[in-house]
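Open the model in your viewer and keep the selection tool at hand. The stops below say what to select and what is there.

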Amino acid sequence: MTEKKILRLGDDRTGAGGQPLPFAPAVRAGDFVFISGQVAMKENGEIEAGGIESQTRKTMENLIAALALANCTLDDVAKVGVWLDDPRDFWTFNRVYASYFPNGGPARSTVRSQIMVDAKVEIDAVVYKPLG
């Protein structure tokens, strides 16, 4: 019988003020990888300054870094969830987001929601990458 387990990846990060973040950026469960919501957080725990363009780019960079923890890339992403703080940012967000998926993107849901930190966008992902 195959042992089933959940592998948490990169769960030693800290946020603003060095406070530990109580979640893993990536979790592998069999052939699936789940990427926690990524925002435009810089290495020092602060949110990237600027508007939706710069925050979308930083959020996508953070998503790519979280994917790398599980040896995945944007090509492995099956579904993303997007939360935008301001619906007026949708078209600009969409333009920047599309630049990361030149051959078409994964399935996606996009909603307007007040985000828990002072960010304009948050993105999570479900990835399918079979083991072995």
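Start by selecting Asp 86 and Arg 88, whose side chains meet in a salt bridge, N to O, at 2.7 Å. A salt bridge here is a side-chain nitrogen of Lys or Arg within 4 Å of a carboxyl oxygen of Asp or Glu. Arg 88 is exposed, with a relative accessible area of 70%. On this scale, buried means under 20% relative accessible area, exposed means over 50%, and partly exposed lies in between, using a 1.4 Å probe and protein chains only.

Before moving on, note that this is a predicted model, in which local features need pLDDT of at least 70 and side-chain atom pairs count only at pLDDT 80 or more, while totals for chains, interfaces and linings use all residues. Residues are numbered from 1 along each chain as its sequence is written, and side-chain values use heavy atoms, with hydrogens and water left out.

**The whole chain**

Now colour by secondary structure. The protein chain has two helices and six strands, and along the sequence they follow the pattern β-β-β-α-β-α-β-β. Helices (H or I, at least four residues) and strands (E, at least two) are DSSP runs, numbered from the N terminus. Of the 132 residues of the chain, 36% count as buried. The accessible surface of the chain comes to about 8000 Å², and 52% of that belongs to carbon and sulfur atoms; these areas come from the Shrake-Rupley method with a 1.4 Å probe, and for residues only the protein chains shown count as cover.

**The sheet**

Select the strands. They form an open sheet of six, in the order S1-S2-S3-S6-S4-S5, with mixed pairing. Two strands pair if DSSP finds at least two bridges between them. Strand S1 (6-9) and strand S5 (107-112) stand at the edges with a single partner strand each, so one side of each has no neighbour in the sheet. From one strand to the next, the twist averages 15 degrees.

Go next to S4 and S5, which run parallel and are joined by six bridges. Which residue of S5 is the bridge partner of Leu 84? Select Arg 112 to see the partner.

**The helices on the sheet**

Show helix H1 together with the sheet. H1 packs on the sheet and touches S1, strand S2 (26-29), S3, S4 and S6, and its direction makes about 30 degrees with that of S6. Contact means heavy atoms within 4.5 Å. Axes are lines fitted to C-alpha atoms, for helices over the stretch in contact, and angles run from 0 to 180 degrees between N-to-C directions. Then show H2, which lies across S4, S5 and S6 and runs at about 150 degrees to S5.

**The nonpolar cores**

In soluble globular proteins, nonpolar side chains tend to be buried together. A nonpolar core is a set of buried Ala, Val, Leu, Ile, Met, Phe, Trp, Tyr and Cys residues joined through side-chain atoms within 4.5 Å. Select Ile 35, Leu 63, Leu 67, Phe 93 and Ile 123: of the 23 residues in the largest nonpolar core, these touch the most other members. Strand S3 (32-38), helix H1 (52-69), strand S4 (77-84), helix H2 (90-99) and strand S6 (121-128) each give two or more residues to this core. H1 gives the most, with five residues.

Centre on Phe 93. Leaving aside residues up to four places away in sequence, Phe 93 touches Ile 52, Thr 56, Val 82, Leu 84, Arg 108, Val 121 and Ile 123. A second, separate core has six residues, among them Ala 40, Met 41, Ile 115 and Ala 119.

Is Asn 62 buried or exposed? At 15% relative accessibility, Asn 62 counts as buried. Asn 62 is found in helix H1 and, not counting residues up to four places away in sequence, touches Gln 38, Val 39, Ala 40 and Met 41.

The structure holds four salt bridges. Select Glu 53 and Arg 57, which form one with the closest N and O atoms 3.4 Å apart. The two are four residues apart in helix H1, which means a separation of about one helical turn. Glu 53 is partly exposed, at 34% relative accessible area.

Finish with Lys 129 and Asp 76, a salt bridge whose closest N and O atoms are 3.7 Å apart. Lys 129 lies in the segment after S6 and Asp 76 in the loop between H1 and S4, so the pair ties together parts 53 residues apart in sequence. Lys 129 is partly exposed, at 27% relative accessibility, whereas Asp 76 is buried, with a relative accessible area of 19%.
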